[in-house]
Amino acid sequence: MKTRKDFIKDFDAAVSEIRDEHLSQPVVDKAADRVWQKISKEIVMQKSNDSIEIKVDRIRNCEDFQALMPLYFSKDLSDARTLLLEDHTRECLTCRKKMKELRFGNSSVSATATNSRKPFSKTIKWAIAATIFIVFALSALPFVLRYSPYGESVHAMVQAVDGPVYSFSNNRSRIISAGEKLTTGESIRTAKEADAIVRLRDGSLIEMNERSEFSVSENSLSTTVNLGRGQLILQVAKQKSGRLYVATPDCLVEVKGTILSVNSGTKGSRISVIEGEVAVDHAGTTHQVKSGEQYSTNQSLEAVPIENEISWSRNADNYLNLLKELVSLKKEITQLPTPVARHSTRLLDLVPSNTVLYAALPN
């Protein structure tokens, strides 16, 4: 009894025998002639425009090929004859010209109609292109205004320096002192046990803790303080127009007329609000942080008392007084007596006796 391996061996032997079989040239020529005769004798009947029938029983010359061209352009020609026609037009210049005439038209009427349509089609194309351009321009305008540089190249001035403070621009560093200006693309960095105060063009003050670094960028809509690392305390001036943002590697803080602390490190960012209110955009969600509150972008960042967060500042005493006043004000508000709920009204006594419905809302 034959096994599976025996059947595979016999099959491979049969395939090898067929593959190695040599066919003589006369046999190949006769087979090719039979195929040609079958294709050329194919009967094609198709009605064209004006109810004229096109009949080509046998392809003998160029006239027969040209008679098939209308069916070729109408996609009604068989695949076999399509192959023959395309092969013939590659070698026959006369049929290739005829094919071109049928494809693009050669009558004066067609040319006139085509020319009359060109200006209209061209106008439509230009109108569509202009519409697309206008829509794109209007859509891109907010992004251009948001991210394009604006105004003067000087964005800030160093007001006070304590310890080594450096400026970095175009891969070059230099030591800076009070009174120097920061320009576009220039960042400022404090060394260990150093701090600095920087005044923005709008009057906002930025106090830098040690080992902190930031740069400033502006456009027609906003000013952005890009905090790379470390901690800043910002006294943001009232914004006449636009907004001021503080950008850290993992969040964006929108502020206006606010005092806040922003601390950014490898674990995340911590935002503490001393006065006012800010909006923190983190992970696609906006969080409102009010006076005396704190927000962290990472749960592993433990909450730190705001008093400790700002203790290094030169203005720590002023900030602490603001926080104490805030706490005292909140305490006074909670102790205010609430109005007693009323269960009667003098208006009800004035309602006519035939009143069907009476409704009232508490004041």
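The model described here is a predicted one.

Asn171 is not a glycine, yet its phi is positive, near 60°. Most residues other than glycine have a negative phi. Asn171 counts as exposed because its relative accessible area is 86%, and the cut-off for exposed is over 50%.

Glu193 is another residue that has a positive phi without being a glycine, with a value of about 60°. The loop between β7 and β8 (195-200) contains Glu193. With a relative accessible area of 65%, Glu193 is exposed.

## The chain as a whole

The chain has 363 residues, and 28% of them are buried. Its secondary structure consists of nine helices and 18 strands.

The chain exposes about 25400 Å², and 56% of this area is supplied by carbon and sulfur atoms. Contacts between residues at least 6 apart in sequence can be sorted by how far along the chain they reach: 45% of them join residues at least 24 apart.

## Thr190 in strand β7

Strand β7 covers residues 187-190, and Thr190 is part of it. Is Thr190 buried or exposed? Thr190 is buried, because its relative accessibility is 2% and buried means under 20%.

The side chain of Thr190 comes to 2.7 Å from the backbone oxygen of Asn209. Asn209 is also among the contacts of Thr190 when neighbours within four places in sequence are left aside.

## His88 in helix α4

Helix α4 runs over residues 79-91 and includes His88. His88 has a relative accessibility of 18%, so it counts as buried; the cut-off is under 20%. Which residues does His88 touch, not counting those up to four places away in sequence? They are Cys62, Phe65 and Cys95.

## An aromatic pair

How many aromatic pairs does a search of the whole structure find? The search finds one. The pair is formed by Tyr72 and Phe73, with 5.5 Å from centre to centre and 75° between the planes. This arrangement is edge-to-face, because the angle cut-off for that class is over 60 degrees.

The two residues of the pair fall into separate accessibility classes. Tyr72 is buried at 19% relative accessibility, whereas Phe73 is partly exposed at 29%.

## Asp317 and helix α8

Asp317 belongs to helix α8, which spans residues 316-335. Its relative accessible area of 58% makes Asp317 exposed. Asp317 and Glu307 are ten residues apart in sequence, and their C-alpha atoms are 9.6 Å apart in space.

Leu350 is exposed, because its relative accessible area is 67%.

Notes: Residues are numbered from 1 along each chain as its sequence is written. This is a predicted model: local features need pLDDT of at least 70, side-chain atom pairs count only at pLDDT 80 or more; totals for chains, interfaces and linings use all residues. Side-chain values use heavy atoms; hydrogens and water are left out. Helices (H or I, at least four residues) and strands (E, at least two) are DSSP runs, numbered from the N terminus. Buried means under 20% relative accessible area, exposed over 50%, partly exposed in between (1.4 Å probe, protein chains only). A polar contact is a pair of N or O atoms within 3.5 Å; within protein, one must be able to donate a hydrogen and the other to accept it, and residues adjacent in sequence count only if both atoms are side-chain atoms. Contact means heavy atoms within 4.5 Å. Rings of Phe, Tyr and Trp (its six-membered ring) pair if their centres lie within 6.5 Å; planes under 30 degrees apart count as stacked, over 60 as edge-to-face and the rest as tilted. Accessible areas come from the Shrake-Rupley method with a 1.4 Å probe; for residues, only the protein chains shown count as cover.
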